[in-house]
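Please open the model in your viewer and keep the selection tool at hand. The stops below go from one selection to the next.

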Amino acid sequence: MSAEPALWRAPVLDAPPPPKPPSIEELQRIEEAARREGFEAGRREGFKAGEAEVRRLVAQIEGVVEAMARPLGRLEDEVHAALAQMAVRVAGALLGRAYEAEPELLAQLVRTALEAVGPGQRTLEIRLNPEDAVLLKPWLPEWPDARVVPDPQLARADVRIHGDGVRIDARTDARLQAALAAVLQAPGSLP
């Protein structure tokens, strides 16, 4: 058995010729384009990083400003409250003097408080500071259903009306606090 030897055949090498190397000008243009592209990419990246840093710093500054404003806001509120209380005290002192000088003003206050109760068959107590009770004696006949009760716990110009199911607090401090609250709650009032 003899076999014929096989012949080896060389492969066909029809490969394209190697590319022509770029010229110096082309290499310079490629290098310049790559440099520009790298520069732009770096600039965009740096801009984004800078923007993020600025946002972080702005947030940090806003936090500091807010933290500084909180105590100032509380201080402002405390000053407003102190000024309001001082105004109430000054007004109370002035009212007290006005009532001493013109007892008919205090009588008008008592009359207004009695009108708030309205007519009825009940007996009412008009509680006044003992000195004010003496000052109002000339006006006592005007209130047949009420009797004056001197109350040493009340300050000058304070009035309280007591009766069955009736309690009217017309103390100077209570009236001034109510007036102050009404002013502060009114639209366009002081902060």
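**Salt bridges and a sheet**

Start by selecting E31, which is partly exposed with a relative accessible area of 45% (buried means under 20%, exposed over 50% and partly exposed in between, with a 1.4 Å probe and protein chains only). This is a predicted model, in which local features need pLDDT of at least 70 and side-chain atom pairs count only at pLDDT 80 or more, while totals for chains, interfaces and linings use all residues. Residues are numbered from 1 along each chain as its sequence is written, and side-chain values use heavy atoms, with hydrogens and water left out.

Next select R156 and D132, which form a salt bridge with the closest N and O atoms 2.7 Å apart. R156 lies in the loop between β2 and β3 and D132 in helix α3 (residues 130–135), so the pair ties together parts that are 24 residues apart in sequence. D132 is buried, at 1% relative accessible area, whereas R156 is partly exposed at 21%.

Finally, show the open sheet of four strands, ordered β2-β1-β3-β4 with mixed pairing (two strands pair if DSSP finds at least two bridges between them). Its edge strands are β2 (146–150) and β4 (166–169), each pairing on one side only.

Technical notes:
Helices (H or I, at least four residues) and strands (E, at least two) are DSSP runs, numbered from the N terminus. A salt bridge is a side-chain nitrogen of Lys or Arg within 4 Å of a carboxyl oxygen of Asp or Glu.
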